[in-house]
Amino acid sequence: MEKKLRELKNRFFSELKTVRDDDFLAELKIKYLGRKGELASILRGVKDLAVEEKPRVGQLANEIKKELLEVFGRTEAIIKKSAIRPRNFDSSLPGQRREIGHLHPSTIVQEEIEEAFAKLGFSIFDGPQLESDYYNFTALNIPEDHPARDTQDTFWVEGKNLLRTHTSNLQVRMLEKYGAPFRGIFPGRVFRYESTDASHEHTFYQTEGLMVDRNINIGNLIAVMQSLLSAVFHKKVNVRLRPGFFPFVEPGFEMDIECFICEGDGCSVCKQSGWVELMPCGLVHPGVLKAGGLDPEEYSGFAFGLGLTRLVMMKYRINDIRLLQSGDLRFLKQF
Amino acid sequence: MYLSLNWVKNWLKLPKDVDNKQIALDLTMATVEVEEVIDQAEALKDIVVGKVKEIVKHPQADRLQVCQVDTGESVEKIVCGGSNLSKGMLVAVAQVGAKVRWHGQGNWVTLSKAKIRGVESQGMIAAVEEIGLGDLFPSRSETEILDLSGFKVKPGQPLSQALELDDTIIDIDNKSINHRPDLWGQYGLARELAAIYHLKLKEYPVVDLTTKNQIKLKVSVQDKANCFRYLGWAIKNIKIEDSPWWLKKQLQAVGLRPINNIVDVTNYVMYELGQPLHAFDARQIKDAHIQIKQAKKGESFITLDGKRRKLPEGALMISDSQKYVALAGIMGGQNSEIGTDTTEIILESANFRAASVRRTSTALGLRSESSARFEKSIDPLLAETAIKKAAQLILSLCSESYIASKLVDVNNNPFKEITLEVPESLINQRFGAVIHTTDIKGILQRLQFGVEHRSKTFQIKVPSFRATKDISIPEDIVEEVARIYGYNNIPYQLPQVVLQEPIFDVAYQGAKDIKKWLAWAQAYTEVYTYAFTDIVWVEKLGFDLKQHLKVKNAVSPEQSYLNLSLLPNLLSKAEDNLRWFDEFRIFELERVFDKRSRGAYHTDQSKKKFLPVQEKSLAGLEVSSYNSEQVFLSVKGLIESLMDYWNIKWQSEKIKLPYANHAFQLKHQDIILGNFGLIKDRLLDDAKAKIGFWQFDFALLVKYINFSKRYQSLPKFPSIRRDMAVVVDETVGWSDLEKEIINISSLIRQVEPFDVFTGQEIGANKKSLAFHLEFRSDDKTLMAEDVDQLMKDVLKILEKKFQAVLR
């Protein structure tokens with residue numbers, strides 16, 4: 001043990017000589033003099049020594065400890081003094097950024113919408129994209145040969161199914177499954193058979209909303225949409241309703257939002273009207289309620305189809321719709 | 001559809017205090033979507049009548065002349081190249097500021113002062129195409145200028161006033177009148193304006209005409225199910241001519257090209273009432289016998305545009321006693337077209353079933369003004385009004401003409417009169433406000449509904465022109481009242497409803513959660529791709545084409561199958577991005593489609609049939625120029641972190657995939673959750689890139705998220721760390737080594753490799769493995785001696801099991 005102690009002392013002194021800065025000094029202190037340091041562990045061994053050896057070794061150990069502490073203290077003083085002047089470095093260098101990934105802009109906007117609706121007690125649902133003719137059209141009062149099918153050019157898939165042309169395909173599915181009262185939104189991908197250019201895409205995103213309860217009225221629809229859009233845009237927005245025909249609502253509306261580029265004064269974006277078309281909506285057609293298994297005498301509701309892609313493009317001023325499905329990281333890294 | 005304000009003034013007086021823009025806005029808010037307001041006079045602004053006083057040759061150009069033109073207030077010098085220019089001619093002078101189109105093509109430009117080959121010109125003498133009047137004045141050659149000498153006009157008069165081209169046209173989006181057959185004519189639009197502005201609307205005038213019975217016109221409707229009504233009249237002593245100016249300019253105002261008096265009359269009445277008409281050359285109608293029947297399989301017919309069309313079986317046809325003469329409701333035939341020598345016509349005013357017209361016109365890809373209207377379900381009563389109006393016009397235009405047959409009318413009108421019982425309370429409930437009974441009554445009466453009100457209920461008689469499909473239930477009446485009342489006059493308030501229990505949807509929550517985790521913690525960027533797979537990728541990846549659903553009408557061959565996996569599109573996006581980036585990570589969460597499995601969604605209410613499975617997949621790629629091992633371990637690390645994050649127990653096993661190296665399948669118990677590995681080199685065009693992939697069946701994955709995390713008490717005693725390095729055979733796997741070490745003692749808490757290397761100093765086919773070991777006991781502070789012993793045990797086992805040598 002005496003040998004160990006002397007060897008420790010030697011090592012300590014030789015390492016101390018190499019000390020140049022604070023950090024290393026602190027390390028040495030822990031290594032040799034700390035509570036779990038080498039000296040402490042040797043000292044703990046003293047209690048296991050033979051009775052006759054204890055006093056001598058103990059004394060030696062204490063002397064060495066005292067010496068180490070003294071020398072350490074002196075070194076520390078010298079180092080601390082020289083360290084008053086901090087090491088210089090160029091603080092104007094860029095910080096070390098952590099690499100992060102990016103969410104798709106549609107995901108970001110969709111979540112804002114979902115959160116706003118969730119606060120009003122709307123649940124969020126998802127459903128099939130490969131859909132039957134029944135749920136996409138027939139159950140929504142759009143039988144075969146209905147001219148409304150013209151405005152929704154459809155991708156047909158083998159097996160008599162289709163790619164849903166709107167998120168409205170979930171209206172009847174949800175009513176069948178959950179009944180009334182119902183409050184929900186269904187965001188997701190929809191498809192229209194058309195060729196793509198800067199302002200047309202065959203693949204885009206919508207958020208359908210459906211609320212069915214007793215005595216739901218036109219005034220409710222306006223109020224709900226106005227509060228929600230204000231939440232999404234972080235400011236009070238004005239909306240207006242005008243007639244619009246969609247077979248699954250009656251009455252049916254187009255909802256316009258006050259153009260927030262010109263704030264209603266008229267500009268090229270809103271074609272000088274001060275308003276931008278935002279979404280079709282209306283009171284749920286009694287036929288749709290019936291298809292969903294509800295009694296239209298007892299329940300009424302409203303539905304809307306918010307164009308998520310359009311909202312994303314408006315929000316970020318994206319002028320080419322194709323960028324959204326491009327997977328181009330130069331674009332996606334901006335969000 | 002164009003609404004002409006001059007036209008509707010035939011039946012009502014528009015309010016003076018409302019300007020045209022306001023009319024457009026009010027129509028938009030109450031009835032239809034207005035796209036544009038076109039002011040004819042505005043379009044002809046700064047174009048005046050001029051009289052050519054003097055013509056001299058241009059000094060620098062052979063084909064140009066320099067004219068002195070009297071424009072009323074002054075005489076201007078204008079350079080002109082008109083081939084028909086003559087002294088004393090009345091012409092249209094486009095002055096500085098006028099809008100013109102060079103040679104009738106390209107964009108409209110505003111005219112400014114110009115020097116033409118060195119000679120200054122104050123505007124130009126216009127050709128018809130240059131000022132948008134080509135339809136009104138067919139010219140023989142492009143160099144011909146508009147000659148106004150036949151008109152009662154004088155120099156200086158604005159052209160719009162001189163030619164009475166002072167209409168305002170409101171361009172209505174056709175989509176917004178798809179459900180309103182009555183709005184495909186000016187009179188229907190006038191009715192709406194009358195309702196909006198509380199105007200008196202003149203009843204549509206129908207005159208009784210005298211007829212002779214010279215021609216025994218016969219109409220046989222064989223297909224009563226598709227022809228609801230057919231009226232025919234023969235008119236003799238017709239003289240085919242240009243239409244009079246008032247008719248021409250009225251047609252031109254609504255975008256129709258004048259052709260000749262007879263065709264123009266049929267078009268005029270169609271635009272006035274929304275009822276298409278057709279005129280046959282009577283000479284070509286054999287036996288004066290019109291028949292309405294279905295086409296048989298394999299037949300064809302030449303329409304008046306000269307195209308031979310293969311008729312779909314069952315297409316509704318107009319025929320004489322021998323041959324087809326028109327595609328019912330869509331287009332006439334070339335064989336019976338009105339020609340310049342036509343003297344006798346048979347006028348048709350009919351009503352065909354909307355679905356039948358639509359089906360045939362869709363099948364033929366042939367749309368016309370007529371089919372667009374029939375598709376909307378026209379009121380059969382209109383057919384009679386229209387034929388009478390047309391005949392009256394023809395008689396007035398051709399002074400010698402007379403009606404040579406009785407009015408034949410085969411009427412199978414299937415539409416019943418509709419009376420709706422609408423409780424006042426329904427209207428108030430749907431409004432969310434109380435509306436005065438008199439307001440409701442007033443609105444409906446202005447829209448020409450019959451209204452009676454007793455015991456708080458309206459008895460509403462739907463006018464025939466709204467009863468073909470548009471109005472059929474009480475909610476339709478709510479809409480009528482609300483739109484005229486003004487949607488934006490309805491007070492609004494948030495609904496008052498009973499709170500409901502929230503629904504916790506793990507798939508939704510999980511999706512939201514994992515997207516953020518991948519983006520913000522794992523530096524993965526989210527991409528959206530199409531739902532379609534290119535067959536080239538199916539082959540490249542060795543997928544089974546039979547599992548892919550085929551799109552019947554793909555937009556391009558590269559998009560003809562639905563995604564079975566997200567990998568093809570992700571790889572394709574990776575390929576694109578390699579042009580810009582060497583290293584990146586991308587992921588997508590979307591539905592994929594498998595033809596061969598039945599999914600959870602039923603196809604209709606019977607719930608007996610189901611759509612193919614279309615659950616969501618979560619997949620990602622890690623692209624790097626590092627070596628394969630690093631990419632693989634990075635992907636594996638992601639999987640490990642993800643499963644830790646969601647607290648899912650898992651194991652992996654090596655599998656073979658045609659497109660991958662080092663592929664592993666991920667399992668929870670016996671359930672396969674997904675796979676990961678390295679994409680084979682050279683699968684992409686960029687041979688240098690190393691690509692790691694992973695994909696999960698997301699629906700399954702979220703099912704096994706374990707939310708019941710329990711806290712583990714913190715260690716009471718310190719742990720001791722030691723390092724060890726051994727040399728083993730290159731084939732020895734770390735996981736085997738680790739398993740052996742962990743099994744030696746419960747005091748060994750963790751074994752973690754920190755350095756693996758091979759090299760000459762290690763020896764051929766050998767590798768050095770260095771690792772940390774962590775020792776800890778739950779009962780006491782471990783002593784160095786305890787750990788020394790364990791280290792010896794570890795080495796012993798490694799020597800025995802793996803012939804390891806301590807370094």
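**Exercise 1. A sheet in chain B**

Ser319(B) stands opposite Tyr324(B) in E20(B); starting from this pair, determine which strand pairs with strand E20 of chain B and in which sense.

*Solution.* The model is predicted, so local features are given only at pLDDT of at least 70 and side-chain atom pairs only at pLDDT 80 or more, whereas totals for chains, interfaces and linings use all residues. Residues are numbered from 1 along each chain as its sequence is written, chains are lettered from A and ligands numbered from 1 in the order in which they are written, and side-chain values use heavy atoms, with hydrogens and water left out.

Step 1: strand E20 (residues 324-327) of chain B pairs with strand E19 (residues 316-319) of chain B in the antiparallel sense, over three bridges. Strands here are DSSP runs of at least two residues, and helices are H or I runs of at least four, numbered from the N terminus; two strands pair if DSSP finds at least two bridges between them.

Step 2: these strands belong to an open sheet of five strands in chain B, ordered E13-E16-E19-E20-E21, with mixed pairing. Strand E13 (218-221) and strand E21 (331-332) of chain B each have a single partner strand and stand at the edges, so one side of each has no neighbour in the sheet.

**Exercise 2. Two buried residues and a helix**

Describe the surroundings of Val422(B) and Thr342(B), and then state how far helix H16 of chain B is enclosed.

*Solution.* Step 1: Val422(B) lies in strand E25 (residues 418-423) of chain B, and its relative accessibility of 0% makes it buried (buried is under 20% relative accessible area, exposed is over 50%, and partly exposed lies in between, with a 1.4 Å probe and protein chains only). Beyond its neighbours within four places in sequence, Val422(B) is in contact, that is, has heavy atoms within 4.5 Å, with Ile427(B), Thr457(B), Phe458(B), Ile460(B), Pro474(B) and Ile477(B). The C-alpha atoms of Val422(B) and Lys456(B) are 8.9 Å apart in space, although the two residues are 34 apart in sequence.

Step 1: Thr342(B) is placed in the loop between E21 and strand E22 (345-352) of chain B and, at 1% relative accessibility, is also buried. Leaving out residues up to four places away in sequence, Thr342(B) touches Ile238(B), Ile240(B), Asp281(B), Arg283(B) and Glu337(B). With Asp281(B) the side chain of Thr342(B) makes a polar contact of 2.8 Å, and this side chain reaches the backbone nitrogen of Gly339(B) at 2.7 Å. A polar contact is a pair of N or O atoms within 3.5 Å; within protein, one must be able to donate a hydrogen and the other to accept it, and residues adjacent in sequence count only if both atoms are side-chain atoms.

Step 2: helix H16 (residues 567-577) of chain B has nine of its eleven residues buried and is therefore largely enclosed by the rest of the structure. Among the buried residues are Leu570(B), Leu571(B), Lys573(B) and Glu575(B).

**Exercise 3. The interface of chains A and B**

Describe the interface of chain A and chain B by its contacts, its buried area and its salt bridges.

*Solution.* Step 1: 93 residues of chain A are in contact with 88 residues of chain B.

Step 1: the two chains bury about 7,800 Å² between them, with 56% of it on carbon and sulfur atoms; buried area is the accessible area (1.4 Å probe) that two parts lose on being put together, summed over both. Asp145(A), Glu158(A) and Leu329(A) supply 8% of the area that chain A buries against chain B, more than any other three residues.

Step 2: seven salt bridges are counted between the chains; one of them joins Arg242(A) to Glu33(B), with the closest N and O atoms 3.2 Å apart.

Step 3: on the side of chain A that touches chain B, helix H8 (residues 218-233) of chain A gives the largest share, eight residues.

How values were computed
Salt bridge = Lys/Arg side-chain N within 4 Å of Asp/Glu carboxyl O.
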